[in-house]
Amino acid sequence: MTAKEYLQQAVDLDAQIESYIQEKDSLRRMACSIRSPQMGGRVQTSREPDAAFVRVLEKIEAVEETIVQKIDQLVDLKVEMSAAIEALEDPDERAVLRYRYFSLYSFGEIAAKMHYSERSIYRLHTSALNNFKIPGK
């Protein structure tokens, strides 16, 4: 695994969490729109005993558990990444990696924030990746 792939894990995990949050919100909207069952004179024995909204609530709970697990995983990863970034000697390299992989800034945004040209930020980023030591390697 390269340094870039290692650091990209946090970005990918953050995107997964956001996707699960959107899924949970969608399920919540669905749960609110489910109509109550109609009670007619006929009885069907093949019908599931749980109401539709109960099944949706169970799905919401499962998604929420997944979100909590992913957040725990992200926090652990970011703590590990932060320590590895702090091990870099150059403070500009540390700043570029933090802006890029923690704050999710574009190279242009990083350049504006650090008062460098975008080309200089690309060079700093490459240098930081070359100097970065992946924990456990």
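The axis of a helix, as the word is used on this tour, is a line fitted to C-alpha atoms over the stretch in contact, and the angle between two such axes runs from 0 to 180 degrees between their N-to-C directions. The model on your screen is a predicted one.

Now centre the view on Gln-9, where α1 has a kink of about 25 degrees. If you then colour the buried residues of this helix, you will pick out Ala-3, Tyr-6, Leu-7, Ala-10, Val-11, Leu-13, Ile-17, Lys-24, Leu-27 and Ala-31.

Next, select residues 107-114 for helix α4 and residues 118-131 for helix α5, which pack with their axes 8 Å apart at an angle of about 105 degrees. Because angles of 65 to 115 degrees count as roughly perpendicular, α4 is described as roughly perpendicular to α5. To see the contact itself, show Phe-107, Gly-108, Ile-110, Ala-111 and Met-114 on α4, together with Glu-118, Ile-121, Tyr-122, Leu-124 and His-125 on α5. Among the residues of this contact, seven are nonpolar, two are polar and one is charged.

Finally, stay with His-125, which lies in helix α5. Is His-125 buried or exposed? Its relative accessible area is 6%, so His-125 is buried, since buried means under 20%. Leaving aside neighbours within four places in sequence, select Val-96, Leu-97, Arg-100, Tyr-101 and Phe-107, with which His-125 is in contact.

Conventions. Residues numbered from 1 in each chain as written. Predicted model: local features only at pLDDT ≥ 70, side-chain atom pairs only at ≥ 80, totals over all residues. Heavy atoms only, no water. Helix = DSSP H or I, 4+ residues; strand = E, 2+ residues; numbered from the N terminus. Parallel < 35°, antiparallel > 145°, perpendicular 65-115°, else oblique. Contact = heavy atoms within 4.5 Å. Nonpolar A, V, L, I, M, F, W, Y, C, P; charged D, E, K, R; others polar. Bend = angle between axes of the 7 residues up to and from the residue. Buried < 20%, exposed > 50% of the residue type's maximum accessible area, 1.4 Å probe, protein only.
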